[in-house]
Structures are given as C-alpha cells and as structure tokens.
Amino acid sequence: MPVTVRHYDDFDLQLRPAADGTYEAAVLRSPAGEARQAFALSPSPAEVAAQLPAVETAIELAGDAGIADAIRFGAMLFSSLFTGKLLQLYDQSLSHVRSRGRDLRIRLRVLDDALLAALPWELLYDTREQRFVALQPDVVLTRTAEAQQPIKDLAVAPPLRVLAMAAQPSDLAALDLERERRHLAHSLARLGDGVELHWVDGQSWRALHDALQRGEWHVFHFLGHGLFDRTEGAGALAFAGDDGLAELHSAEELSLLLGDHDTLRLVVLNACEGAQGGGSQMDAGIAQQLVRAGVPAVVAMQAPI
C-alpha cells in the first residue's frame with residue numbers, strides 16, 4: 001500500500017493569561033497572517049475543569065450520549081476561542097490549504113496557566129461544519145512545548161527502527177496487549193522494508209534500558225499502564241519487576257533514560273494519562289518532560305483510556 005506524504009502549513013496558536021483576568025490568544029503564524037486578541041471562558045476555567053470528569057466518563061461509555069457531551073464541550077471551547085479576527089484567520093487558512101491540496105497543522109501552545117493547559121482543546125468542535133477540528137481530514141492539531149535543546153533535523157535514512165515494549169504487571173488490571181501488538185505490527189507492515197519493528201525482551205525497566213543500548217532507535221512505542229498522581233503532581237509508567245508486580249517509574253526517570261538518545265524522533269505512549277499535567281505544574285506529565293528533555297515529538301493521552 002503506498003504511503004501518503006502530507007504537506008503542512010502551520011497555524012501557530014498561543015494561549016496565555018492576560019493581566020485583567022481574561023486570556024489572550026495569539027496567532028503567531030498562519031497562511032493568512034497574524035492576530036492577537038482577548039478571549040474568555042464561560043463558565044470560568046475552574047468550572048470548565050470541574051466538568052471534565054463527567055465528560056470523560058460519558059466518552060468512555062461511548063454511545064450517542066457520550067458523543068453529544070463531547071460535542072457540547074468542544075463547541076463551547078471553539079466558540080470561546082475562535083471569534084473575530086482569529087476566526088477569520090482560521091477560515092482563511094483552511095481555504096488557503098484546501099485550494100492548494102495541503103493540510104493545516106494547528107500547533108497549540110499554552111503558557112503560564114496549568115488550568116488552561118489541562119483543558120482538552122483536542123475536542124474543539126466547529127458547529128458550522130459539524131465536525132471536531134482534529135478529525136477533519138486536512139487538519140492536524142498538536143501541542144507544542146518549550147524545549148531546552150535546539151530543534152534537530154528529523155530526517156532519517158530508512159529503515160525506520162521502532163523499539164516497542166509491552167508491560168503487564170500482575171497486580172494491575174489486565175490489558176489486551178496481544179491485540180495491541182497485532183495492531184501495531186499490522187499498521188507498520190504497510191511500510192514494507194522501510195521499517196523494522198523490534199520488541200523489548202522483557203517487561204522491566206532494566207530490560208528497556210538494555211534494549212535501548214543495543215541499537216539506534218527512531219521510535220519508542222510503549223504499551224501498558226500509565227497514571228498521574230494528583231497528590232504528588234507527577235506522571236509515571238508501570239513496568240513489571242522481577243516478581244511480576246508493578247514498578248512505577250516517573251516522568252523524570254523516563255526523560256533521563258530517553259532524552260539522551262540522539263537518534264530518537266518519536267515516543268508513543270499507548271497508556272492512560274501519559275500527557276496529563278498537574279493542577280499547578282504544567283510540565284509534570286510524562287509527555288511534557290520528554291519534550292523538555294529533547295525528544296522531538298510525543299504521542300500521549302491526557303485522560304484514562
């Protein structure tokens with residue numbers, strides 16, 4: 001199966017608190033120009049955040065009710081943010097890329113406000129098109145974070161080397177990891193000789209450490225349990241110790257382990273709450289820590305799966 005190459009134009013969107021208690025949204029770059037304007041959330045961010053558990057529960061239950069709740073929540077976020085000049089730039093940018101057969105990459109960055117960063121902007125819903133923004137075929141929505149290292153050249157010579165790991169501690173809820181392994185292998189198979197998939201031999205932290213030392217890897221894909229301790233304000237992944245029981249390793253430990261691998265281009269965390277941040281610490285999540293440590297891109301989830 002041929003691989004489609006996407007060509008993106010960036011829509012860099014920055015959100016931050018303003019001095020008067022409202023927020024400022026700035027389009028720093030787009031195919032249609034730049035803009036800066038105030039916006040407000042109604043209800044307040046704290047009240048919006050208080051609604052999240054109910055929305056997440058509804059989505060987990062799936063069905064029409066869950067989708068309807070996600071739509072209402074996403075529509076509220078979209079209508080609060082995209083007004084006036086920002087809405088005009090968004091519409092013009094979409095028209096620009098669509099007329100040229102390209103895609104729009106919305107790169108969202110939230111500054112200086114952990115509560116604002118914790119909101120699920122990925123649910124943005126455009127009621128005019130009756131679609132989630134991130135699910136439009138020609139739109140990608142990503143988050144960006146401030147990194148300590150300069151941006152590296154991401155190009156690699158084939159084959160793309162993927163190191164994958166599945167961890168199932170005996171004292172945590174059982175996951176269908178065999179199905180996930182099959183899905184990953186099937187998804188990569190379409191790249192043919194352009195990719196090599198290798199599995200970590202074992203489920204422990206030491207097994208991962210040893211596997212990382214045995215080659216140059218471009219992608220690390222983790223299958224297993226993740227969690228975010230709201231008391232401590234830190235994320236962690238669950239590995240299996242020698243006794244089979246869960247051993248939690250923190251975001252800081254993961255960033256130290258993976259951040260110094262120069263060939264690494266992407267980390268995929270197929271685990272709960274891999275991108276969750278603390279109420280007062282925007283960078284406490286695993287994904288955020290990895291990016292700050294120098295990993296160019298991380299795919300992770302804020303909520304439980």
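Mentor: A residue is called buried when its relative accessible area is under 20%, exposed when that area is over 50%, and partly exposed in between, using a 1.4 Å probe and protein chains only. This is a predicted model, in which local features need pLDDT of at least 70 and side-chain atom pairs count only at pLDDT 80 or more, while totals for chains, interfaces and linings use all residues. Residues are numbered from 1 along each chain as its sequence is written, and side-chain values use heavy atoms, with hydrogens and water left out.

Trainee: Which residues of helix α7 are buried?

Mentor: Helices here are DSSP runs of H or I with at least four residues, strands are runs of E with at least two, and both are numbered from the N terminus. In α7, which covers residues 251-258, the buried residues are A251, L254, S255, L257 and L258. Viewed down the axis of α7, these buried residues fall within an arc of 165°, so they line one face of the helix; the arc is that of the directions from the helix axis to the C-beta atoms. The face turned away from this buried side carries the exposed residues E252 and L256.

Trainee: How many salt bridges does the structure hold?

Mentor: A salt bridge is a side-chain nitrogen of Lys or Arg within 4 Å of a carboxyl oxygen of Asp or Glu, and the structure holds 18 of them. One of these joins the side chains of D112 and R16, at 3.1 Å from N to O. This pair links distant parts of the chain, 96 residues apart, with D112 in the loop between β4 (103-110) and α4 (114-118) and R16 in strand β1 (residues 8-17). D112 counts as exposed at 57% relative accessibility, whereas R16 is partly exposed at 29%.

Trainee: Where do the partners D91 and R128 lie?

Mentor: D91 is in helix α3 (residues 84-99) and R128 is in the loop between β5 (125-126) and β6 (131-132), so that the pair links distant parts of the chain, 37 residues apart. Their side chains meet in a salt bridge of 2.8 Å, N to O.

Trainee: What should I know about spacing within a helix when I read a pair such as R206 and D210?

Mentor: An α-helix has 3.6 residues a turn, so residues three or four places apart point the same way. R206 and D210 both lie in helix α6 (residues 205-213), 4 residues apart, or about one turn of the helix. They form a salt bridge whose closest N and O atoms are 3.6 Å apart. R206 is exposed, with a relative accessible area of 52%, and D210 is partly exposed at 31%.
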